[in-house]
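Student: I have a model open and some time to go through it. Can we work through the helices, the rings and the packing?

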Amino acid sequence: MELEIRGKKLQLSKAVETYVAKKMGKLSHLLPSIVETKVEISKEKAKSPTNRYVVQVTVKSNGVLIRAEEREADVYAAIDAADDVIRKQIGRFKGKYYLKDRRAARQRKELVAPVEAEIEEEKKTPDVIVKAKRFSIKLMTVEEASVQMELLGHDFFIFLNADNNSFNVLYRRKDGYYGLIEPEVA
């Protein structure tokens, strides 16, 4: 498992890096298929001291992303809270998807797209794109897409539908249900 630890708007001490490595190193015991773990620790200027440190953890496992973000007053408390959340997310992933569909996932063909990358620009005017993301799109069913969307904590998810080999968008509606957009070429 590859572990990347970054500090954003703060310099991380060796003690903090060692603490993160110790905590996140144990995640591979829960989910052996973890390929990469990214931990980003930042310090924000907040009025409330309880939200000063933000820890974001992203775990990549066989094309599935699991994400957690926590805010606390102390950097160690934020790391502990993010660790607890990511462990719960991994448990949920294993219970809902990983253990049931492990054999089916091996047999399914995957489409490979460019590696995930982020590009940011300096200007921040409303009509200029300030951030672009690239990510690999995986062939999956609507059910698998909903599980992935929940694991990421997003309100929408773009995927390649295994049923009709077209790009679809799954989104969470205001009433709590899901919606599916299936575009057609005009």
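Student: What should I know about the model itself?
Tutor: It is a predicted model: local features need pLDDT of at least 70, side-chain atom pairs count only at pLDDT 80 or more, and totals for chains, interfaces and linings use all residues. Residues are numbered from 1 along each chain as its sequence is written, and side-chain values use heavy atoms, with hydrogens and water left out.

Student: Which residues of H1 are buried?
Tutor: Val16, Val20 and Met24. Buried means under 20% relative accessible area, exposed over 50%, partly exposed in between (1.4 Å probe, protein chains only).

Student: Where do they sit around the axis of H1?
Tutor: They fall within an arc of 55°, so they line one face of the helix. The arc is taken from the directions from the helix axis to the C-beta atoms. An α-helix has 3.6 residues a turn, so residues three or four places apart point the same way.

Student: And which exposed residues are on the face turned away from that?
Tutor: Lys14, Thr18 and Lys22.

Student: Rings next. How many aromatic pairs does a search of the whole structure find?
Tutor: Two. Rings of Phe, Tyr and Trp (its six-membered ring) pair if their centres lie within 6.5 Å; planes under 30 degrees apart count as stacked, over 60 as edge-to-face and the rest as tilted. Tyrosine 19 and tyrosine 76 have ring centres 5.0 Å apart and planes at 80°, so that pair is edge-to-face. It links distant parts of the chain, 57 residues apart: tyrosine 19 is in H1 (residues 14-25) and tyrosine 76 in H3 (residues 75-98).

Student: What about the rings of phenylalanine 157 and phenylalanine 159?
Tutor: Their centres are 6.4 Å apart with planes at 20°, so the pair is stacked. Phenylalanine 157 counts as buried at 13% relative accessibility, and phenylalanine 159 is buried at 0%.

Student: Which residues does asparagine 168 contact, beyond its neighbours within four places in sequence?
Tutor: Both of those phenylalanines are among them, as are Asn161 and Leu180. Contact means heavy atoms within 4.5 Å. Asparagine 168 lies in strand E9 (residues 167-172) and counts as buried, at 1% relative accessibility.

Student: Which side chain does the side chain of asparagine 168 join in a polar contact?
Tutor: That of asparagine 161, at 2.7 Å. A polar contact is a pair of N or O atoms within 3.5 Å; within protein, one must be able to donate a hydrogen and the other to accept it, and residues adjacent in sequence count only if both atoms are side-chain atoms.

Student: Which members of the largest nonpolar core touch the most others?
Tutor: Of its 25 residues, Ile41, Val55, Val57, Ile66 and Ile86. Such a core is a set of buried Ala, Val, Leu, Ile, Met, Phe, Trp, Tyr and Cys residues joined through side-chain atoms within 4.5 Å. The largest share of this core, seven residues, comes from H3.

Student: Is H5 largely enclosed or open?
Tutor: Eight of its eleven residues are buried, so H5 is largely enclosed by the rest of the structure. Glycine 153 follows H5, with a positive phi near 75°.

Key:
Helix = DSSP H or I, 4+ residues; strand = E, 2+ residues; numbered from the N terminus.
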